[in-house]
Amino acid sequence: ILGFPAVNRWGRDADVEDDPAAAAGAAADGWEKDLDMPATLADGSPYCRTMHVSRCLSLACDVLSNKLFEEIRERRGLVYGISIGWRPYRIMPGGYVTCVFKPKPDQVEEGLAAVREALREALSGGLTEEEVAAARGPLVTKCREMLDQSNPFWLQVMEDVTDSLTPKHIDCTRQVAEHYEAITRDHVAAALRRFLLPGLARLSVSVGRAIPAPG
């Protein structure tokens with residue numbers, strides 16, 4: 001397991017904001033002023049800026065999981081499986097990212113090095129239009145299905161919009177799928193560089209080794 005700190009759902013990371021030198025200029029404070037975002041949706045409706053970071057990073061994790069699976073497992077054959085997830089807090093100013101993978105027993109160090117290298121390259125913006133499009137399609141479909149069927153989704157939405165400690169408002173619940181469709185490869189790459197890449201400097205690694213059961 002690789003893990004490192006990240007921003008919360010609203011683009012806040014107290015550790016980064018309190019230590020600008022460690023963040024190399026990527027502190028989240030004031031990101032709405034200088035981060036490029038769509039002005040409107042395809043139909044001219046206003047774009048919800050509040051959810052931009054959350055939606056970019058949610059899409060980014062799907063892109064990264066696909067990319068790491070293809071490169072580390074399929075192309076190089078170093079692991080049996082691999083996935084990455086962003087775990088943002090709602091209230092606390094921070095979150096974390098985990099990358100979980102199962103390396104081949106005789107290639108643990110090689111697999112670990114390859115994952116770290118591929119992760120740094122991807123977080124630096126090394127994504128293609130095709131990779132983003134391939135992840136966006138299923139995510140948009142999932143959003144539409146959740147809006148139609150998922151009671152837990154709506155319960156979480158109502159909890160967010162009625163909580164005075166979060167910036168989410170009722171307009172953020174409109175046209176969710178269309179918002180994901182408006183996010184481009186450049187938006188995703190910029191969000192990765194700004195909000196996840198700084199945390200890679202504080203990466204933690206945990207390696208577990210299977211022990212044969214006693215006969």
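**Entry 1: Arg73 and Glu74**

I looked up Arg73 and Glu74 and found their side chains joined in a salt bridge, 2.3 Å from N to O. The model is a predicted one, and I read the distance as a computed value. I then checked how open each partner is. Arg73 counts as partly exposed because its relative accessibility is 31%. Glu74 is partly exposed too, its relative accessible area being 42%.

**Entry 2: Glu71 and Arg75**

I turned to Glu71, which forms a salt bridge with Arg75; the closest N and O atoms are 3.6 Å apart. Both residues belong to helix H4 and lie four residues apart, about one turn of the helix. Is Glu71 buried or exposed? I noted a relative accessibility of 19% for Glu71, under the 20% limit, so Glu71 counts as buried. Arg75 has a relative accessibility of 59%, over the 50% limit, and therefore counts as exposed.

**Entry 3: H4 against H5**

Helix H4 covers residues 52-75 and helix H5 covers residues 108-123. I recorded that their axes come within 11 Å and cross at roughly 140 degrees. Angles over 145 degrees would count as roughly antiparallel; H4 and H5 are therefore oblique to each other. The crossing of H4 past H5 is right-handed.

I listed the residues that meet.

**Entry 4: Arg185 and Asp186**

I went on to Arg185 and Asp186, whose side chains meet in a salt bridge at 2.9 Å, N to O. Arg185 is buried, since its relative accessible area is 18%. Asp186 has a relative accessible area of 46% and is therefore partly exposed.

**Entry 5: network and total**

Which residues are linked with Arg144 in a network of salt bridges? I found Glu178 and Glu181 there, linked with Arg144. How many salt bridges does the count come to? I noted six salt bridges. Among the pairs I looked up are Arg73 with Glu74, Glu71 with Arg75 and Arg185 with Asp186.

Definitions and conventions. Residues numbered from 1 in each chain as written. Predicted model: local features only at pLDDT ≥ 70, side-chain atom pairs only at ≥ 80, totals over all residues. Heavy atoms only, no water. Axes fitted to C-alpha atoms, helices over the stretch in contact; angles between N-to-C directions. Helix = DSSP H or I, 4+ residues; strand = E, 2+ residues; numbered from the N terminus. Parallel < 35°, antiparallel > 145°, perpendicular 65-115°, else oblique. Left-handed = near helix turned anticlockwise from the far one by under 90°. Salt bridge = Lys/Arg side-chain N within 4 Å of Asp/Glu carboxyl O. Buried < 20%, exposed > 50% of the residue type's maximum accessible area, 1.4 Å probe, protein only.
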